[in-house]
Each structure stands twice: as C-alpha cells, then as structure tokens.
Amino acid sequence: MGATYIKLGQFIASTPTLFPAEYVEEFQNCFDKTPAVPFHEIEAILRQELKQPLENIYEYIDPVPIASASIAQVHGARLRGSQEEVVIKVLKPGIEDFLIADLNFLYIVARTLEFLSPQVSRASLVGIVGDIRESMLEEVDFQKEAANIESFRDYLEATGLTKQAAAPKVHYHCSTKQVLTMERLYGVPLTDLDSIRSLVSIPEASLITALNVWFGSLLACETFHADVHAGNLWLLRDGRIGFLDFGIVGRISPRTWAAVETFLTSIASGQYETMAVSLIRMGATNNDIDVKSFALDLEKIFSSIQDLDSELIIAASRGPNSETISTNIAVDEQQMNALFLDVVKFSSLSYFFRTRKLVLLNVCIMFLMCY
C-alpha cells in the first residue's frame with residue numbers, strides 16, 4: 001500500500017463516528033505498523049546523511065523500530081556523551097518517488113472528475129488535491145519539520161504552556177533533510193482510555209487541554225499542526241499533552257483570519273451582508289457573485305435554524321449504587337427536512353462553497369471532534 005493511501009487509512013482510523021468499528025480497528029495499523037525497512041538499510045541511510053561513523057554520535061541504536069509509519073521509520077537511541085534518550089526518524093528509501101506517483105494519480109483523477117462533471121469543479125477539487133500534494137511533499141523534508149517543531153515549542157514557551165504540553169527537542173547536529181533526531185517522549189495515545197486513566201484521574205481534562213493548546217496555536221503560530229490523528233497526540237507520563245510529528249502543517253493568511261473573525265462576529269450580530277463578504281474574502285466561494293443575493297440566502301438558512309422547534313428531554317435512571325441523568329434535544333422532523341432541502345438548494349447555487357484555503361483546518365477539526 002502506497003504512503004498516500006496509508007494516510008487515507010489513518011483518516012479512517014481516527015474517525016470512528018464516520019466509519020464502522022471493524023474498519024476503524026483494522027486501519028489502526030496504518031499509524032505505526034506498516035512494513036519495516038531492514039535495519040541495515042536504515043544504517044546505510046544514517047551513514048550517508050550524517051557523514052561520519054554512527055558510534056561518534058550515538059552510543060546505542062535499537063535495531064528494532066519503535067514505529068514504522070507511511071513516510072518514515074523511528075528507532076530508539078542514546079546520544080554519546082550526554083546519554084540522552086532520543087528517537088531517530090529516518091525517511092524510508094524511495095518514498096518521495098512513491099508519493100509523487102500516488103499524488104499525480106489523484107490529481108489526474110480530480111481533473112477527470114472536473115472535466116466529466118462541471119459541478120465538481122465548483123468545489124475546487126483540483127486545487128484541494130494540489131494543496132494536499134504540496135503539504136505531503138513537505139513532509140519528506142525533515143529540516144522543514146524541525147523548523148515547525150521549534151515554532152511550536154516557541155509558542156508553548158511564549159504562552160506559558162510548557163507545563164500543559166510539550167513537543168520534542170530537536171538535536172540539529174545529527175539531523176538532516178532525511179534524518180531527524182529528537183528528544184524521546186514517553187506516553188500513550190489519547191485514544192487509549194485505559195492507559196490514560198492509569199496516568200490521570202480525569203481523562204476529559206487532558207483532552208480539553210489538548211484542544212485548548214491546539215486552537216491557541218492557530219492564532220499564535222505561523223503554522224498549525226495539521227496531522228492530529230490518534231498517533232500524534234499523546235498523554236505523557238508527567239500528565240502533559242505531547243504533540244508529535246510536525247511533518248504536515250497548515251498555514252492561514254492574516255487576511256483569511258481577519259475574514260473568519262468578521263464572519264463569526266456577523267453571526268452573533270445577524271449582519272448577513274457582512275457575513276457574505278467575509279465568506280468571499282476567506283475564499284469559501286466565488287468572487288463574482290451578487291453579495292446581496294448571497295446575503296439573503298444566508299439569512300434564510302440561519303433563520304430556518306433559529307426557528308427550529310426544539311424540546312429538551314431529561315431522563316433519569318437509578319441503579320443499585322448510583323443515579324444517572326441523560327439529556328436529549330428533540331427537534332421537529334418536518335422543519336429539519338425543510339432545512340435540509342434549503343441547504344441542498346443553497347449548495348447548488350453559483351456561489352457553492354469552496355473550502356480549499358481551509359481544507360487542512362477542516363480536516364484537523366474533524367479529527368479532534370472524533371476523540
């Protein structure tokens with residue numbers, strides 16, 4: 001299975017609310033159990049990249065990989081002199097060629113779909129595939145990943161969040177474009193609830209911390225971690241949240257952020273024309289649409305949502321030693337059907353949403369919602 005398709009498997013494994021349980025469980029293997037490269041090949045890459053005997057740098061390298069993922073293989077090691085425990089991330093041989101071939105194939109498929117169905121082109125599918133291609137090819141340059149890690153560590157330091165979260169320290173003297181040596185962090189994935197409960201008393205609080213730190217980085221960093229699947233967010237032994245693997249990051253321009261802020265403000269104030277202009281500026285729709293018509297359609301959608309008749313249902317059940325209270329919100333089914341029809345009609349108009357600029361952000365939020 002190619003690296004690109006392993007990434008798709010990781011998405012399935014991280015979204016249990018969208019896919020059947022058996023699919024989610026099986027695709028968990030895409031995180032760190034892909035076929036390993038023999039250690040003698042890894043050693044050859046290390047010698048070629050570091051250009052000196054490995055025993056001058058490392059006192060010990062574990063020949064058994066900690067993880068073998070889609071792009072790279074990770075081995076535990078100990079630095080000579082400082083005796084610091086580290087991990088060595090090594091780019092798998094030939095992986096860049098495989099990625100280019102896979103992504104070019106997806107690009108051709110996207111172009112074909114847009115040619116056969118003009119409506120598909122309104123979603124800017126080719127542009128989205130192109131952006132994903134650019135991001136994934138950056139993942140094979142570990143010097144860029146090192147810079148991403150340092151940017152995130154600077155953010156944690158500047159905001160006083162080093163007691164809540166961590167990212168591994170990079171050892172630059174033994175890192176190159178294809179080799180990345182980092183501090184070794186010990187912990188468990190945020191999806192391993194049994195192990196999390198053995199480390200902290202309130203697992204939900206750890207997840208809230210992870211969400212707060214990640215959302216804070218959207219505003220405070222030039223880039224944001226755009227690969228927050230289950231294998232890259234850990235609860236560390238000291239209770240902090242560990243952010244791993246900064247190969248894929250997203251970037252949002254100040255202009256787009258300003259438009260997002262204005263959009264959120266306009267929702268609260270009900271200024272639909274401002275909302276329409278903000279969506280255009282953030283690249284979520286075409287530039288040549290009629291703003292007033294767009295605003296009227298937005299008002300219709302939001303008014304339908306506000307007019308929904310809802311009812312809060314509270315149910316209590318008693319057990320031998322405890323009492324459980326559950327709540328549900330019920331809405332009028334006919335109103336919901338009418339709202340869905342309005343949304344379908346809305347999305348078929350000439351200003352159909354094109355979330356190309358925010359596609360990585362949307363995927364990340366979907367990942368986080370599934371924890």
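User: Lys89 is found in strand β4. Is Lys89 to be read as buried or exposed in this model?

Analyst: The model is predicted. In general, a residue is called buried when its relative accessible area is under 20%. Lys89 has a relative accessibility of 9%, so it counts as buried.

User: Which side chain forms a polar contact with that of Lys89?

Analyst: The side chain of Glu145 does, at 3.0 Å. Setting aside neighbours within four places in sequence, the residues in contact with Lys89 include Phe142, Gln178, Val179, Leu180, Met182 and Asp245, as well as Glu145.

User: How many bridges join strand β4 to β6, and how do the two strands run?

Analyst: Strand β4 (residues 85-91) is joined to β6 by five bridges, and the two run antiparallel. Within this pairing, Val87 has Met182 of β6 as its bridge partner.

User: Which residues have the most contacts inside the largest nonpolar core?

Analyst: They are Phe152, Ile241 and Phe243, in a core of 54 residues. Helix α8 (residues 142-158) gives the most to this core, contributing six residues. There is also a second, separate core, with 17 residues, among them Phe39, Leu50, Ala77 and Val86.

User: What is Ile241 in contact with, leaving aside neighbours within four places in sequence?

Analyst: Its contacts include Gln164, Ala165, Ala166, Leu190, Ser206 and Thr209, together with Leu233, Trp234, Leu235 and Leu236.

Notes: Residues are numbered from 1 along each chain as its sequence is written. This is a predicted model: local features need pLDDT of at least 70, side-chain atom pairs count only at pLDDT 80 or more; totals for chains, interfaces and linings use all residues. Side-chain values use heavy atoms; hydrogens and water are left out. Two strands pair if DSSP finds at least two bridges between them. Helices (H or I, at least four residues) and strands (E, at least two) are DSSP runs, numbered from the N terminus. A nonpolar core is a set of buried Ala, Val, Leu, Ile, Met, Phe, Trp, Tyr and Cys residues joined through side-chain atoms within 4.5 Å. Buried means under 20% relative accessible area, exposed over 50%, partly exposed in between (1.4 Å probe, protein chains only). Contact means heavy atoms within 4.5 Å. A polar contact is a pair of N or O atoms within 3.5 Å; within protein, one must be able to donate a hydrogen and the other to accept it, and residues adjacent in sequence count only if both atoms are side-chain atoms.
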